[in-house]
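The sequence and structure come first.

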Amino acid sequence: GGGGGEGGGGGGANSEELLSEGKPATSDVRGNLGEASVVTSSAVTDWLKDRWQAASDMSGTPIPGEHWLEVDLQGAARLTRALVDFEAAHSTDYVVQGRASASDAWVDLAQVDGKKQQPLTIAKRDKHVVHTLSLKPTLDADALRLSTKCAGAVRKVRLLIRSRATDWGTSVWRLQLFGSWAPDC
């Protein structure tokens, strides 16, 4: 199955749309709250079931080490923006990465390291720390082993959380990916 963009009409090649909603998501750890797939859901109604957390218990005890969430867009896309809606237990040291297929190496699309930050806006509201990042508009075609016409297109996106910013395990409500479908890739 293709990714999106099927059907006629719609915006032009440069229009930006939410591409990740409802797409499959996986993670390296199950944690103590919702499964990884909750990060691509549209529902945010239950404080416990509608977020993924790298914690081992209800006290938020962090699971040690780096952690990742991966979204399969199920079609090639050129991404322009990522929104990471963390719970208060957030990270300020992470990378958004992409790749064209499961056999390709990950390529960094944006990086936040607490000191030097990619274009990033941060909004805080009750139990949410929302990071919005601009993603690299194009990727090196050689790095993704793609033809020139498919340069910058990815199918898989990973949020690699290198460390946590609080005493609790990092917790994510939503990982939203924006851009446009690349149906010819």
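## Loop and strand residues

S41 is found in the loop between β2 and β3, where strands are DSSP runs of E with at least two residues, numbered from the N terminus. The model is predicted: local features need pLDDT of at least 70, side-chain atom pairs count only at pLDDT 80 or more, and totals for chains, interfaces and linings use all residues. Residues are numbered from 1 along each chain as its sequence is written, and side-chain values use heavy atoms, without hydrogens and water.

The side chain of S41 reaches the backbone nitrogen of A43 at 3.1 Å. Such a polar contact is a pair of N or O atoms within 3.5 Å; within protein, one must be able to donate a hydrogen and the other to accept it, and residues adjacent in sequence count only if both atoms are side-chain atoms.

T166 sits in the loop between β9 (153–163) and β10 (171–181). A polar atom of the T166 side chain lies 3.3 Å from the backbone nitrogen of W168. Apart from neighbours within four places in sequence, T166 is in contact (heavy atoms within 4.5 Å) with A88, A89 and H90.

Two residues other than glycine have a positive phi: for Q74, in strand β4, the value is about 60 degrees, and for K127, in the loop between β7 (120–125) and β8, phi is near 65 degrees.

The table lists relative accessibility; buried means under 20%, exposed over 50% and partly exposed in between (1.4 Å probe, protein chains only).

| Residue | Relative accessibility | Class |
|---|---|---|
| S41 | 30% | partly exposed |
| T166 | 15% | buried |
| Q74 | 35% | partly exposed |
| K127 | 37% | partly exposed |

## Nonpolar core

The largest nonpolar core has 32 residues, and W52, L73, L79, L159 and V172 have the most contacts inside it. A core is a set of buried Ala, Val, Leu, Ile, Met, Phe, Trp, Tyr and Cys residues joined through side-chain atoms within 4.5 Å. At least two core residues come from each of β4 (67–86), β5 (93–99), β6 (107–112), β8 (128–134), β9 and β10. β4 gives the most, with eight residues. Not counting residues up to four places away in sequence, L159 touches several residues, including W68, V84, Y94, V172 and L175.

Key
Helix = DSSP H or I, 4+ residues; strand = E, 2+ residues; numbered from the N terminus.
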